[in-house]
Amino acid sequence: MAVKFYKCEQQVPLEMHKVRMIQKLSLLPVEERLKKIQEAGNNTFLLQNKDIYLDMLTDSGVNGMSDLQFAAMMQADDSYAGSETFNRVKAAVKDVFGCENVLPAHQGRACENILAEAYVKPGMVALMNFHFTTTKAHITRCGGSVEELVDPKGLLPQSDDPFKGNFNLANLSQRIDELGSDKVAFVRVEAGTNLIGGQPVSLENMLAVTDICHDKGVKSVLDASLLQDNIYFMKTREARCKFMDVKEIYHLLADHFDIIYFSARKLSFSKGGIICSKNPTYTRQMMEFIPLYEGFLTYGGIDVRTMEAMAQGLYESLDMEYLDQGPEFINYLAKELSDYGVPVILPAGGLGCHLDCQAFVPDMPHDQYPAGAVAAAIYIAGGIRPMERGSLSEQREPDGTERFAELELARLAVPRRVYTLSQLKYVADRIKWLWDNRSLIGGLKWVEEPSVLRFFFGRLKEIGYWQEELAAKFRQDFGDSL
Ligand SMILES: Cc1ncc(COP(=O)(O)O)c(C=O)c1O
């Protein structure tokens with residue numbers, strides 16, 4: 001139940017935890033920030049953490065751990081095979097999802113590699129609401145391709161649709177029929193659809209997808225990495241979920257999906273990854289790849305202490321007082337910005353607040369990478385590190401032509417249980433300033449473009465001197481402030 005403020009106009013989201021360990025931050029002067037982003041090839045992945053005030057690159061592996069997670073790490077049972085720690089992870093997965101069959105892998109993309117190795121053969125198609133970068137890279141590496149079937153309404157930057165990650169169900173049925181079920185590697189539902197702004201999928205839609213898959217004899221896979229935010233939205237936006245217990249929702253999903261996997265860097269506030277299923281046939285089919293790529297079946301490339309944190313974190317993923325902190329902070333930031341006129345993805349989703357960069361710099365052509373340019377400008381404006389989630393995050397078509405993204409987003413991820421509200425207010429303030437000075441933002445061009453997952457380590461150069469002008473304007477407006 002929400003805690004109401006007496007002065008309701010001053011209501012803000014309220015943390016149900018306190019901070020007992022801290023990490024010192026530093027904020028460099030704007031002239032240094034300008035130098036650092038240019039040295040990093042205008043790629044926020046290539047910035048050093050010591051040069052960043054607020055790291056909003058991702059919510060992955062950077063969430064706040066609880067006292068109980070740290071305590072659990074002390075009891076880790078370190079053995080190559082048959083560790084008690086893995087039994088505790090299995091027990092937690094069984095409790096939370098109701099699945100007995102559990103495979104560990106070192107992170108989410110490692111689970112995707114195993115899935116692709118086991119089920120994607122050349123010429124096969126994986127159908128999904130929307131791709132995720134690493135998911136697509138593994139599927140295409142195995143000779144398959146990805147088709148996206150998100151309802152087109154999900155791609156509208158601003159709407160009042162509560163579940164913008166939903167599948168277009170008619171298209172899903174039709175596409176399976178057209179392809180033939182033997183050509184469909186699997187249907188993947190991504191909870192909290194990352195690349196379109198952390199947008200949720202309704203329980204009704206997820207269950208309808210699994211019904212279609214069962215009818216047509218196609219495997220259904222749930223990417224549950226962002227499920228905890230998705231469950232928050234189910235509970236707050238979907239009538240049938242309002243009175244359901246959180247665990248009931250996890251169990252219902254596990255009853256319906258053939259395979260569930262997740263990045264524990266998100267779900268469970270820890271690190272690592274898990275593939276699980278109620279049906280041992282699936283885990284048997286994937287099992288042989290675990291020792292090959294990850295490690296023995298009872299650690300899967302994950303350190304035992306991390307597995308203990310994961311087990312405890314999974315139980316915490318059932319607690320609405322933890323689940324709501326991320327989405328409510330994100331909603332606060334999105335509202336602050338949109339009330340000022342800054343174009344953000346609405347309704348706010350999970351994982352982060354997303355700026356709609358096509359509207360932020362409407363005259364900038366796609367091939368000057370508007371989302372990358374805005375992300376670099378945000379670092380200059382405030383020492384804040386966002387992530388580009390637009391055309392730079394796409395991969396080129398096999399013939400080398402650019403595949404421009406449907407949405408050009410700069411993501412301000414809000415790691416769970418990490419930042420305070422005053423820090424989010426600072427973010428809003430610096431972005432409002434940038435919005436007022438958006439005419440200064442110019443484009444980027446490639447200097448070094450890797451052929452795979454180029455956004456991770458590619459380098460770009462600013463076109464002209466817009467970054468120097470932006471830094472000079474900051475100094476003029478803020479005087480001697482950092
Ligand atoms: C929906 C989704 N699936 C998979 C992954 C990959 O997980 P990991 O970063 O642990 O490899 C991510 C990471 O951001 C994600 O958001």
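Reply: Leu 482 counts as partly exposed because it has 13 C-beta neighbours inside 10 Å, where buried stands for 20 or more other C-beta atoms within 10 Å of a residue's own, exposed for 12 or fewer, and partly exposed for what lies in between, with C-beta atoms placed from the backbone. This is a predicted model, in which local features need pLDDT of at least 70 and side-chain atom pairs count only at pLDDT 80 or more, while totals for chains, interfaces and linings use all residues. Residues are numbered from 1 along each chain as its sequence is written.

Leu 482 is found in the segment after α19 (466-478), helices being DSSP runs of H or I with at least four residues and strands runs of E with at least two, numbered from the N terminus. Leaving aside neighbours within four places in sequence, Leu 482 is in contact (C-beta atoms within 7 Å) with Leu 27 and Pro 29. Ala 381 is 101 residues away along the chain, and its C-alpha atom is separated from that of Leu 482 by 9.8 Å.

As for the strand, 5 of the 5 residues of β2 (residues 101-105) are buried, so β2 is largely enclosed by the rest of the structure. Asn 101, Leu 103 and Ala 105 point one way from β2, whereas Val 102 and Pro 104 point the other way, and all are buried. β2 pairs (at least two DSSP bridges between the strands) with β8 (residues 273-277) in the antiparallel sense over 5 bridges, and within this pairing Ala 105 stands opposite Gly 273.

How values were computed: Two residues are in contact if their C-beta atoms, placed from the backbone, lie within 7 Å.
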